[in-house]
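Here's a quick briefing on how a few pieces of this fold sit together.

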Amino acid sequence: MKKYSTTSRYTLIGSAIGLFFPLLAAIVEIKILGLAINPLNLWVAQKEQPLLWIIDLAPLFLGFLSWMVGKKQDTLSALNDNLENQVVQRTKELIQKNQDLHQEITERVHVEENLIRARLTAENAAKARSEFLSNMSHEIRTPLNAIIGLTGLLSETILEAEQADFVNIVRMSGESLLCIINDILDYSKIESGKMELEEHPFALIDPIEDAFDLLSTKANEKNLELIYEVQDSVPAYISGDITRIRQILVNLVSNAVKFTDSGEIFVHVKSLGKKGDLHILRFAVKDSGIGIPADRVDKLFKSFSQVDASTTRKYGGTGLGLAICNKLVSLMGGEIGVESVEGSGSTFYFTLQVPIAKDVGKGLYFPSQTINEVLIVDDNEANLKILTSRLKKWGLKVSQTNLPLKALSMFSDPHFQPSVVIVDLNMPLMDGVTLAKEIRQIRGDSVNLIMLSSSGNPENQDDRQWFNSWQIKPVRNEQLFNAVFRTVTLPSKEKTNNASPSRPERAVGSLPIRILLAEDNTINQKVALRLLDKIGLRADVASNGAEAVLAASTISYDLILMDMQMPEKDGLEATREIRKNQGETTLQPIIIAMTANVMNEDRVRCMEAGMNDFLSKPVKLSEMEAMIDKWFLDSGKENVAQTISSIAPSTGQISE
Ligand code: ADP
């Protein structure tokens, strides 16, 4: 119920008092202090005494005053009420906010807990995936080692044409399977952030020439020229991960060879300037192949992406190569891209930011003898241009022609006296061998002839006799340098030897190396023994780590090829024991892991256990040979000496 306000109450009282007496006297006669007041005398008195009006009106005045006071009080109490309401309201709000805050904190704690749980799950999943991949890779590599190793050995036995063909297909299939496993492993390593980049100084042309070496057979089979050019402003030595840069180049050049039927593959390196101390380099691999439709370009660098499904059927591949290149390039702070015109070819390029490095001791040493002039005869314009520029960089005077007949006519001028003539094999109108014969007719032995052939060794061995050196394209810078300068400076007998492009005779087979093979899988024992046999070496066999330790304690082996996973005692444990047993003596063997565990951690674990080097399965003959060369041939003797002096029994860690 609505209360009367203070104002109305006071006004009511004031007015009641003010109006009570006059009204009463106006109606009836009343007596106040003995005086009778009635309406008549009231009127007379009022008329005669104006002061009485003041007395009469005083109550009204009082009423008015009360009304004023009441009003003030009303305002005050309204203000008070308002203030009180506000305080109540604010308090309510504050309580609500407090509750909200509490709720939010609880939710956040919950979310945080969930996040931690999710991270742990993801970490466990990544670890499990990486372990799974590593195990899977190990399991696949073990039988692959047998397939690739034994088919390689089988192909070197006498086989009927059809059998040889089958063996070759099995070997090649094994090798493509190996490539796929390597791609998947690499990809997963990058994805899980496990790819670690190394940084070493190296000659910039090395990874390019390595990639060319690897792919020259395929390129030569398709009659494709592999050519590279490095702009002068590019530093000759840089620091970085040569293995990964080589991997990117191998991938791009291999794709270029795969998707090109005629013409050339051209690798070009230029400098895009400097960013602080870093040089920004741009590598480009240009081909004249099938090209890529514009709408497919974006997808190329994504995983498992091929231009169309029929590509897999026709050319093979996993569609992982470019995705891996993309990731590797970004890891190295660069970018990858492609410019392509369907039907005319593609240029894949990538940039790298690298520090310049000091000369890594691979500089070319110029002999004191001077060379008059070099003539280059090659029908491929790009080759001609690049060879000329390379030779000019070595301070040589160079003349060139793309026409063999023009070269011949140059010799009719007696003032034209080149010391060296470099000729291509396959040229229109006249091939390189015929040209060489003609030149010999005119100039005899006074000129040195170098063959640069892209189709391998001569079909007819007699063809070689016309040349001082027979080189197979693409020729490495150092190899060409040696060919040019050595043909001039060596006595003629050595020149003839030098004319052979085949690899130098191996000496390892004649080395008295005592070898122990520690391997539990009997098929892989056979493969390794046969590979060693091919190199002319024999080995004792231990079929687990414990046997290996026992054998090493009775016979002082020079080399132990050690599998990692073996029953009873694994390769790591066995290595540690052998290192400990031998102590700091010169009897420490070289221990090389030969394992299907190929992750970087495995390599590190092997090194930490005291092994010297690492061969990943499947082991190819060439890899086994190279490894033994490294540790036991002349060039490797320093390694062995260093190893023996640096083996610390505690860790046994040896630098590679
Ligand atoms: P793959 O192992 O299948 O070759 P890549 O990731 O290396 O995988 O290449 C993906 C696809 O990109 C290829 O299947 C091919 O369709 C296309 N491609 C790559 N390089 C070239 C090239 N030089 N010319 C034409 N197409 C190319």
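Cys606 is buried, its relative accessible area being 0%; buried means under 20% relative accessible area, exposed over 50% and partly exposed in between, using a 1.4 Å probe and protein chains only. Keep in mind that this is a predicted model, where local features need pLDDT of at least 70, side-chain atom pairs count only at pLDDT 80 or more, and totals for chains, interfaces and linings use all residues. Residues are numbered from 1 along each chain as its sequence is written, and side-chain values use heavy atoms, with hydrogens and water left out.

**Cysteines**
- Cys179 is partly exposed, at 47% relative accessibility.
- The disulfide count comes to zero, a disulfide being a pair of cysteine sulfur atoms within 2.5 Å.

**Helix pairs**
- Helices (H or I, at least four residues) and strands (E, at least two) are DSSP runs, numbered from the N terminus.
- Helix H16 (residues 571-582) packs with helix H17 (residues 600-609) at an angle of about 20 degrees, and their axes are 8 Å apart. Axes are lines fitted to C-alpha atoms, for helices over the stretch in contact, with angles running from 0 to 180 degrees between N-to-C directions.
- H16 is therefore roughly parallel to H17; angles under 35 degrees count as roughly parallel, over 145 as roughly antiparallel, 65 to 115 as roughly perpendicular and the rest as oblique.
- On the H16 side, the contact is made by Leu572, Thr575, Arg576 and Arg579, and H17 brings Arg605, Cys606 and Ala609. Contact means heavy atoms within 4.5 Å.
- By class, this contact of H16 with H17 has three nonpolar, one polar and three charged residues. Ala, Val, Leu, Ile, Met, Phe, Trp, Tyr, Cys and Pro count as nonpolar, Asp, Glu, Lys and Arg as charged, and the others, Gly among them, as polar.
- The axes of helix H2 (residues 39-48) and helix H3 (residues 50-154) cross at roughly 115 degrees and come within 5 Å, which means H2 is roughly perpendicular to H3.
- Ala45, Gln46 and Glu48 of H2 meet Pro50, Leu52, Trp53 and Asp56 of H3 in that contact, which divides into four nonpolar, one polar and two charged residues.

**The five-stranded sheet**
- Five strands make an open sheet in the order E11-E10-E12-E13-E14, with parallel pairing. Two strands pair if DSSP finds at least two bridges between them.
- At the edges are strand E11 (398-401) and strand E14 (469-472), each pairing on one side only.
- Neighbouring strands of this sheet are turned by 20 degrees against each other on average, direction ignored.
- Strands E12 (residues 420-424) and E13 (residues 448-453) run parallel and are joined by five bridges, and Asp424 stands opposite Leu452 in E13.
- Ser453 is found in strand E13 and is buried at 0% relative accessibility.
- Beyond its neighbours within four places in sequence, Ser453 is in contact with Leu425, Trp470, Gln471, Ile472 and Lys473.

**Helices H10 and H11**
- Helix H11 (residues 432-443) lies across strand E10 (374-377), E12, E13 and E14, and runs at about 175 degrees to E13.
- Leu408 lies in helix H10 (residues 404-410) and is buried, with a relative accessible area of 15%.
- Leaving aside neighbours within four places in sequence, Leu408 is in contact with Met430, Leu435, Glu438, Ile439 and Ile442.
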